[in-house]
Amino acid sequence: MDFSIKTIDAKTSIASLKAGCIAVGIYENKKLSPQAQALDKSGEITAALKSGDISGKPGSTLLLRKVAGVAAERVLLIGLGADGELNDKVTSMAALCVARVLATLGGADALLALPFDAVKERDLAWAIRSSILVLRDNSYRSDTLKSKKETTSGIKKVAFLVAAAKAAVAKEALAQGVALANGIDLTKELGNLPGNVCTPTYLANTAKKLAKEFKLSVEVLDRKQLEALKMGSFLSVARGGGEAPKFIILKHLGGKAKDAPTVLVGKGITFDTGGISLKGGAGMDEMKYDMCGAGSVLGTIRAIAELKLKLNVIGVIPATENMPSGTATKPGDIVTSMSGQTIEILNTDAEGRLVLCDALTYVERFKPAAVVDIATLTGACVTSLGHHNSGLFTRHDSAHDALAEELLSAGKATGDTAWRMPIEDSYQEQLKSNFADMANIGGPAGGSITAACFLERYTKKYTWAHLDIAGTAWKSGAAKGATGRPVALLTTFLMNRAAAAK
């Protein structure tokens, strides 16, 4: 779907604009938005309201054809609820209604003439960005590997109608929305690919393609290089798989050379059987999604690279399978991490933290301004927070509180929300081992917290946050598929950092 901005001034009538469809808002009290009023010279829209053909409640729609005095072929009425109560939820619902109707229509293009400026506590830029994400999400199809692609009809070109004075703001918002949607689509695509296609090598090649397209710097380390770096924890997970492990470093250096980078670390387990601590068979196919942390890093880097964001950002992805075999790591094995700390592996299905801890040690060399790791880490986080919020974990001090607030605010701004969870010394007690510096699990109580506490031990030299996306990275059931989260949160977080650095 292609997007553009169309401007209008006092000398131009909305009714004179030609399009396959023009969408305008109406309210529950049978009041028309200013844009709808401009199309109602014949009284047909008012008549439709009075007849009860549309209620004006959020989510209600009515399609009118050949409205007298209107150049557009169709007029789509969108319910916006009570006048004066337009908020982000209603706006998102309106965009979804538009997306669903446009997907069924003929015609070449559509104009969105909704009262974006009237959204409470939001602005025009937010409304355009969020509408683009809704429209693109509705048009996304996961048919890459189907022999016959899903046939799609409907309008493919959408323009946002804004006042001429707001053109610059609108065009910038459109560019941001499209870049963000492109990043989310990449993350979805990687997540939805099966483990026999989206291997560690596939992720590495994807990073190389991004580097070539956007002139980024990329480096991919193989097993011998990882052995030389003494990444014993990461390599312990890779022992059982047939696919070669890859350690991917992708750099977007858009800021000043002296500026410390923000580093994103994404868990890249391209298929997780649990290893010797084998998972149950039911639903194991969804363990192809265990690389969604890695996918979100690649999607975020793609978005900020397209925007030419003036910020130094480095993406780091430890990628491997977690498979059972004669050479796989066994419960009770003790390995030495890159940091020199030893780990007793009590459960090989707690492998995400084993690959991340070496990556978190590796990134010390960048002297980062902040590090955020993203991982489908624990089922316990799903139990705690369900599928609405990602889990956010940081230490409690001024620097970490500030980083947490940056991430939480970015989540609220995009609807890609997170909830802060505790990290406290009392939970660290659960990771004690009689035979090594630590165990890799702390028992069932507070499982997502002890997993974060494990990672925290490797992040003492910089400001760090951990996002557990196990409940938000994909959906199950009839709507099974990757969601693209938390690309919106991460990209907005980085955009805000770039703006603050000006």
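**Exercise 1.** Are aspartate 416 and arginine 485 buried or exposed? Work out how the two are joined and which parts of the chain they tie together.

*Solution.* The model is a predicted one, in which local features need pLDDT of at least 70 and side-chain atom pairs count only at pLDDT 80 or more, while totals for chains, interfaces and linings use all residues. Residues are numbered from 1 along each chain as its sequence is written, and side-chain values use heavy atoms, with hydrogens and water left out.

Step one: aspartate 416 and arginine 485 are both buried, a word that stands for under 20% relative accessible area, with exposed meaning over 50% and partly exposed in between (1.4 Å probe, protein chains only).

Step two: the two residues form a salt bridge, with their closest N and O atoms 2.6 Å apart; the term requires a side-chain nitrogen of Lys or Arg within 4 Å of a carboxyl oxygen of Asp or Glu.

Step three: aspartate 416 lies in the loop between α12 and β16 (418–421) and arginine 485 in the loop between β20 (481–482) and α15, so the pair ties together parts that are 69 residues apart in sequence. Helices (H or I, at least four residues) and strands (E, at least two) are DSSP runs, numbered from the N terminus.

**Exercise 2.** Find how many salt bridges the whole structure holds, and examine the one between lysine 267 and aspartate 290.

*Solution.* A search of the whole structure gives 21 salt bridges. In one of them, the side chains of lysine 267 and aspartate 290 meet at 2.9 Å, N to O. Lysine 267 lies in the loop between β9 (262–266) and β10 (268–272), and aspartate 290 in the loop between β10 and α9 (292–306), so parts that are 23 residues apart in sequence are tied together by this pair. Lysine 267 and aspartate 290 are both buried.

**Exercise 3.** Describe two residues of helix α15, namely threonine 491 and arginine 497.

*Solution.* Begin with arginine 497, whose side chain meets that of glutamate 406 in a salt bridge (2.8 Å, N to O). Glutamate 406 belongs to helix α12 (residues 398–414) and arginine 497 to helix α15, so the pair ties together parts that are 91 residues apart in sequence. Arginine 497 is buried, with a relative accessible area of 17%, whereas glutamate 406, at 27% relative accessibility, counts as partly exposed.

Once its neighbours within four places in sequence are left aside, threonine 491 is in contact (heavy atoms within 4.5 Å) with Leu180, Thr300, Ala303 and Ile304.

**Exercise 4.** Which residues have the most contacts inside the largest nonpolar core?

*Solution.* A nonpolar core is a set of buried Ala, Val, Leu, Ile, Met, Phe, Trp, Tyr and Cys residues joined through side-chain atoms within 4.5 Å. The largest has 53 residues, and those with the most contacts inside it are Leu203, Leu298 and Leu467. Its largest share, 7 residues, comes from α9. Leaving aside neighbours within four places in sequence, leucine 203 has contacts that include Leu190, Met291 and Leu298. Apart from this core lies another, of 45 residues, among them Met231 and Val355.
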